[in-house]
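Me: Can you walk me through this structure? I'd like to start with the ligand and then look at the rings.

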Amino acid sequence: MLRRKPFLIILITMVLVIPSLAYAAKGYKNEYKLSVVVGPKLPWGEGATKFADLVRERTQGRINIKVYTSSSLMAGKQTNEFLIHRKGVADFCFASTINWSTTIKPLNLFNLPFFFPDYKALDAVTQGEVGQELGVLLKEKGVTLLAWGENGFRELTNSKKPVAVPADLEGMKIRVVGTPIFIDTMKALGANPVNMNWGDAQVAFQQGVVDGQENPVVAIEIPVKIWQFHKYATIWRYVIDPLMITVNNNVMKSFTPEDQEIIRQAAIEAGQWQREVVRKGLIAPDLSALETMKENGMEVTVLDQAARKQFREKTASVYDKWVDVVGKDLVDKAEKAITASQQ
Ligand code: X2X
């Protein structure tokens, strides 16, 4: 028995070490970094963790993705995320189109004010030809789009008064992401936009430095208990905020075809799970998310299509200016897909 021991140790060492050496030889790293702009407890952060866990489990730990939340890989500056991803500082991202749209102009498609009427319209665009075209574009810029997740329709909240018509927004100080189209849209509506990173924004709400903000209800406003700062919400669906699960091209190439497939599948599943979570409670008959806001003392104004139209008309100049920035061809294709989705 004793004599057998060295043999056993050698055998166990071979079984454990040789496979990992083989992957090390293929250029696998001990840790892959995934960037997320928000904290781990929000559905967006949870989606990222889910993706990382699925990949780790299904590759038996060969691909170990660590989630870096709260914009920590870009020192808080969320609009720098694409740049650090392209450089490989972040191997993976679970990212908002908004934060990348400063660098990748066609992604402003999703920021066009009052362009997407509902989720059907969004799905028709992301899951169709336009989504594929955006994937090709990202690939050319160094990043592989694996799947779509979602932050949600962005809804207004403020501490001053109910907003039901554009005139109600006059002079209101609204925090937005540092992406130019948001400044244009808020200005067109008569508001006074202030751009701020998400990390600073929460402190600004607390201190009353701004009167309002816009973010998705289930994904952000409920988890951060926005009612602590703002009494009024307007459900106006002015902008949709899809999320993209991505990997740096060179990193993707470094994996075996089997592992690439595992990564793709995990992204699709995590994205789908995350989309379902953030859509819950926002579509009749289940309006429980809006009920949560009301139970916490908020006054919720839901705009119908006619009221939305007034806001859309007020932002027509923004649409006209930004169609050319996005690319007319892409906007036309998206418009066609949206129209078809409504029939
Ligand atoms: O900064 C925001 O408002 C947030 C968290 O929704 C985004 O990153 C787009």
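Me: Which cavity does the ligand take up?
Reply: The space taken by the ligand is the largest cavity. A cavity is a set of points, on a 1 Å grid over the protein atoms alone, where a 1.4 Å probe fits but cannot get out. This is a predicted model, where local features need pLDDT of at least 70, side-chain atom pairs count only at pLDDT 80 or more, and totals for chains, interfaces and linings use all residues. Residues are numbered from 1 along each chain as its sequence is written, and side-chain values use heavy atoms, with hydrogens and water left out.

Me: How many residues surround the ligand?
Reply: 13 residues surround the ligand, each with a heavy atom within 4 Å of it. Among the closest are Gln 78 and Arg 154. The shell divides into 5 nonpolar, 5 polar and 3 charged residues.

Me: How far is the side chain of Asn 99 from an oxygen atom of the ligand?
Reply: An N or O atom in the side chain of Asn 99 is 2.9 Å from a ligand oxygen. For Arg 175, a polar side-chain atom lies 2.7 Å from an oxygen atom of the ligand.

Me: New topic. How many aromatic pairs are there?
Reply: A search of the whole structure finds 18 aromatic pairs, meaning rings of Phe, Tyr and Trp (its six-membered ring) with centres within 6.5 Å.

Me: Why is the pair of Tyr 28 and Phe 255 called edge-to-face?
Reply: The ring centres of Tyr 28 and Phe 255 are 5.2 Å apart and the planes are at 80°, so the pair is edge-to-face, a label for planes over 60 degrees apart.

Conventions: A polar contact is a pair of N or O atoms within 3.5 Å; within protein, one must be able to donate a hydrogen and the other to accept it, and residues adjacent in sequence count only if both atoms are side-chain atoms. On a 1 Å grid over the protein atoms alone, a cavity is a set of points where a 1.4 Å probe fits but cannot get out, and a pocket is an open set with protein on both sides within 12 Å along at least five of seven lines; lining residues have an atom within 4 Å of a point. A molecule sits in a cavity or pocket if more than half of its atoms lie within 2 Å of its grid points. Ala, Val, Leu, Ile, Met, Phe, Trp, Tyr, Cys and Pro count as nonpolar, Asp, Glu, Lys and Arg as charged, and the others, Gly among them, as polar. Rings of Phe, Tyr and Trp (its six-membered ring) pair if their centres lie within 6.5 Å; planes under 30 degrees apart count as stacked, over 60 as edge-to-face and the rest as tilted.
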